[in-house]
Amino acid sequence: QVQLVESGGGLVQPGGSLRLSCAASGVISSLNSMGWYRQAPGKERELVAGITIGGGTNYADSVKGRFTISRDDHKNTVYLQMNSLKPEDTAVYYCNARPPLWGWGQGTQVTVSS
């Protein structure tokens with residue numbers, strides 16, 4: 001059974017930074033392209049960043065230049081470094097394969113507010 005556990009969210013002021021982690025169990029994440037997704041209140045879940053098996057990355061236009069996705073296959077963990085955070089980045093952040101293959105974890109709340 002695949003389990004995804006996201007962590008690292010919190011309350012941060014505009015311009016601040018956070019680093020999210022996603023620990024995967026029951027699956028070898030290195031065999032899958034992975035992605036970070038987010039869902040803001042009243043909005044659909046959207047892909048924020050993706051990383052391929054080979055390490056290639058892509059980002060939504062709204063976060064390009066501010067967010068960085070990475071992976072540590074030895075730890076079966078995917079990260080999302082978020083810098084220059086804006087209030088519109090406020091959402092619950094989730095990880096999954098790209099495209100999504102497994103059930104969603106509980107996510108981690110990111111709130112950007114002064």
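**Note on a predicted all-strand chain**

1. Asn 76 has a relative accessibility of 14% and therefore counts as buried, since the cut-off for a buried residue is under 20%. The model discussed here is a predicted one. In this model Asn 76 sits in the loop that joins β7 (67–72) to β8 (77–82). Its phi is positive, at about 55°, although Asn 76 is not a glycine.

2. Although Ser 84 is not a glycine, its phi is positive, at about 50°. The residue is found in the loop between β8 and β9. Is Ser 84 buried or partly exposed? Its relative accessibility is 42%, so Ser 84 counts as partly exposed.

3. A further backbone feature concerns a peptide bond. Most peptide bonds are trans. The bond from Arg 98 to Pro 99, however, is cis, with omega near 0°. Pro 99 belongs to the loop between β9 and β10.

4. On the overall fold, the chain contains 10 strands and zero helices. Read from the N terminus, every element in the series is therefore a β element: β-β-β-β-β-β-β-β-β-β. The radius of gyration is 13 Å, which agrees with the value near 13 Å for a compact globule of 114 residues. Along the principal axes, the C-alpha trace spans about 40 × 25 × 25 Å. Of the 114 residues, 43% count as buried. Where contacts join residues at least 6 apart in sequence, 55% of them are between residues at least 24 apart.

5. Six of the strands form an open sheet, in the order β2-β10-β9-β4-β5-β6, and its pairing is mixed. Which strands stand at the edges of the sheet? They are β2 (10–12) and β6 (57–59); each has a single partner strand, so one side of each has no neighbour in the sheet. Neighbouring strands are turned against each other by 25° on average, with direction ignored.

6. Within that sheet, β4 and β9 may be examined as one example of pairing. Strands of a sheet pair through backbone hydrogen bonds, either parallel or antiparallel. β4 and β9 run antiparallel and are joined by six bridges. Gly 35 stands opposite Asn 96 in β9.

7. The aromatic residues should be read together. A search of the whole structure finds two aromatic pairs. In one of them, Tyr 37 and Trp 104 lie 5.1 Å apart, centre to centre, with 85° between their planes, and the pair is edge-to-face. This pair links distant parts of the chain: Tyr 37 is in strand β4 (residues 34–39) and Trp 104 is in the loop between β9 (91–97) and β10 (108–112), 67 residues apart. Tyr 37 is buried, because its relative accessibility is 6%, whereas Trp 104 is partly exposed at 33%.

8. Tyr 94 and Trp 104 form an edge-to-face pair, because their ring centres are 5.8 Å apart and their planes meet at 75°, where over 60 degrees counts as edge-to-face. Tyr 94 lies in strand β9, 10 residues from Trp 104. At 11% relative accessibility, Tyr 94 counts as buried.

9. Two arginines lie over ring faces. Arg 45 is over the face of Trp 104, at 3.9 Å from the ring centre. Arg 19 is over the face of Tyr 79, at 4.0 Å from the ring centre.

Terms used
Residues are numbered from 1 along each chain as its sequence is written. This is a predicted model: local features need pLDDT of at least 70, side-chain atom pairs count only at pLDDT 80 or more; totals for chains, interfaces and linings use all residues. Side-chain values use heavy atoms; hydrogens and water are left out. Rings of Phe, Tyr and Trp (its six-membered ring) pair if their centres lie within 6.5 Å; planes under 30 degrees apart count as stacked, over 60 as edge-to-face and the rest as tilted. Helices (H or I, at least four residues) and strands (E, at least two) are DSSP runs, numbered from the N terminus. Buried means under 20% relative accessible area, exposed over 50%, partly exposed in between (1.4 Å probe, protein chains only). A charge sits over a ring if NZ of Lys or CZ of Arg is within 6 Å of the ring centre and within 35 degrees of the ring normal. Two strands pair if DSSP finds at least two bridges between them. Axes are lines fitted to C-alpha atoms, for helices over the stretch in contact, and angles run from 0 to 180 degrees between N-to-C directions. The radius of gyration is taken over C-alpha atoms; the globule rule is 2.2 Å times the number of residues to the power 0.38. Contact means heavy atoms within 4.5 Å.
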